[in-house]
Amino acid sequence: MDRFEVVRRIIDCGVVAVVRAETPEQALKIAEAVKAGGIDAIEITMTVPGALDVIKELSRAYSNGEIVIGAGTVLDAETARAAMLAGAEFFVSPSFDPDMVRLCNRYRKVTMPGAMSVREIVEVMESGADFVKLFPGSAFGPSFVKAILAPLPQAPLVPTGGVSLENVGEWIKAGCLAVGVGGELTKGAKRGDFAQVEETARKFVEAVRQARNQE
């Protein structure tokens, strides 16, 4: 999938589903549920047992680009390359690893390294990354985004951690291009309630749409 198409689809949907699961089977069911709920961008974290196999399976199941598959918790270039070969189209990290971003740039893949400070945000932007993962979002809040975007209006911020249905609209209206949502989105999966996961996904997508319409 073209790099710019991946960026566009992440921004258009406005929500990246961060999938952490106890088993590969659970991860696949979560991915199916969030897709049914309208989320295009699905990030399979490397903490999921058999994460690469999950990415391969999703790539086969949705070979026509129905979803955009990402790899999360990618800490180095080696992991990024393995996930890339498995079929991942975007790569997310809790921190900034220049080698990982450099490798992804080489293959024209989308990256979203993590940052916590103004200096780190600028370093991520200078590396050529497509997005800056503001992490953990719970340590800042939407007001931090406004403060950052005053001197850095070009910063492509995507907060992860601390995003909920109650505050997702505030993050978007503060200027975030999208949000990453994990536990708040997938908690129903812990008790096998994937219908709730689907419904929660639908609510997040709608909340983002409404917030954008109010901007």
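A residue counts as buried under 20% relative accessible area, as exposed over 50%, and as partly exposed in between. R108, with 43% relative accessibility, is therefore partly exposed. Keep in mind as you look around that this is a predicted model.

R108 sits in the loop that runs between α5 and β5 (110–112). Its backbone is worth a look too: R108 has a positive phi of about 55 degrees, although it is not a glycine. For background, most residues other than glycine have a negative phi, and most peptide bonds are trans.

You will find T73 in the loop between β3 (68–72) and α4. Is T73 buried or exposed? T73 has 18% relative accessibility, so it counts as buried.

The other spot is a peptide bond. F135 and P136 are joined by a cis peptide bond, with omega at about -5 degrees. P136 belongs to the loop between β7 (132–134) and α7 (142–149).

## Helices α4 and α5

Now turn to a pair of helices. Helix α4 covers residues 77–86 and helix α5 covers residues 98–106; the two pack at an angle of about 35 degrees, and their axes are 8 Å apart. On the α4 side the contact is made by A77, A80, R81 and M84, and on the α5 side by D99, M100, L103 and C104. Sorted by class, this contact has six nonpolar residues, two charged ones and no polar ones.

## Helices α2 and α10

A second pair brings together helix α2 (residues 24–36) and helix α10 (residues 194–214). Their axes come within 7 Å and cross at roughly 40 degrees, so α2 and α10 are oblique to each other. The crossing of α2 past α10 is right-handed.

Which residues of α2 and α10 meet? From α2 come Q26, K29, I30, A33, V34 and A36, while α10 brings F194, V197, E198, A201 and R202. Seven residues of this contact are nonpolar, one is polar and three are charged.

## Salt bridges

Side chains of opposite charge can pair when their charged atoms come close. How many salt bridges does the structure hold? There are 12 of them.

One of these joins D130 to R3, with the closest N and O atoms 3.0 Å apart. This pair links distant parts of the chain, 127 residues apart: D130 is in the loop between α6 (118–126) and β7, and R3 is in helix α1 (residues 3–13). With 9% relative accessibility, R3 counts as buried. K109 and E89 form another salt bridge, their closest N and O atoms being 3.1 Å apart. Here too distant parts of the chain are linked, 20 residues apart, with K109 in the loop between α5 and β5 and E89 in the loop between α4 and β4 (90–92). Both K109 and E89 are buried.

R202, one of the α10 residues that meet α2, forms a salt bridge with E199, where the closest N and O atoms are 3.2 Å apart. R202 and E199 both lie in helix α10, three residues apart, which is about one turn of the helix. R202 counts as partly exposed at 36% relative accessibility, and E199 is partly exposed at 35%. Finally, a network of salt bridges links E5, R8 and D12.

Key: Residues numbered from 1 in each chain as written. Predicted model: local features only at pLDDT ≥ 70, side-chain atom pairs only at ≥ 80, totals over all residues. Heavy atoms only, no water. Axes fitted to C-alpha atoms, helices over the stretch in contact; angles between N-to-C directions. Helix = DSSP H or I, 4+ residues; strand = E, 2+ residues; numbered from the N terminus. Contact = heavy atoms within 4.5 Å. Nonpolar A, V, L, I, M, F, W, Y, C, P; charged D, E, K, R; others polar. Buried < 20%, exposed > 50% of the residue type's maximum accessible area, 1.4 Å probe, protein only. Parallel < 35°, antiparallel > 145°, perpendicular 65-115°, else oblique. Left-handed = near helix turned anticlockwise from the far one by under 90°. Salt bridge = Lys/Arg side-chain N within 4 Å of Asp/Glu carboxyl O.
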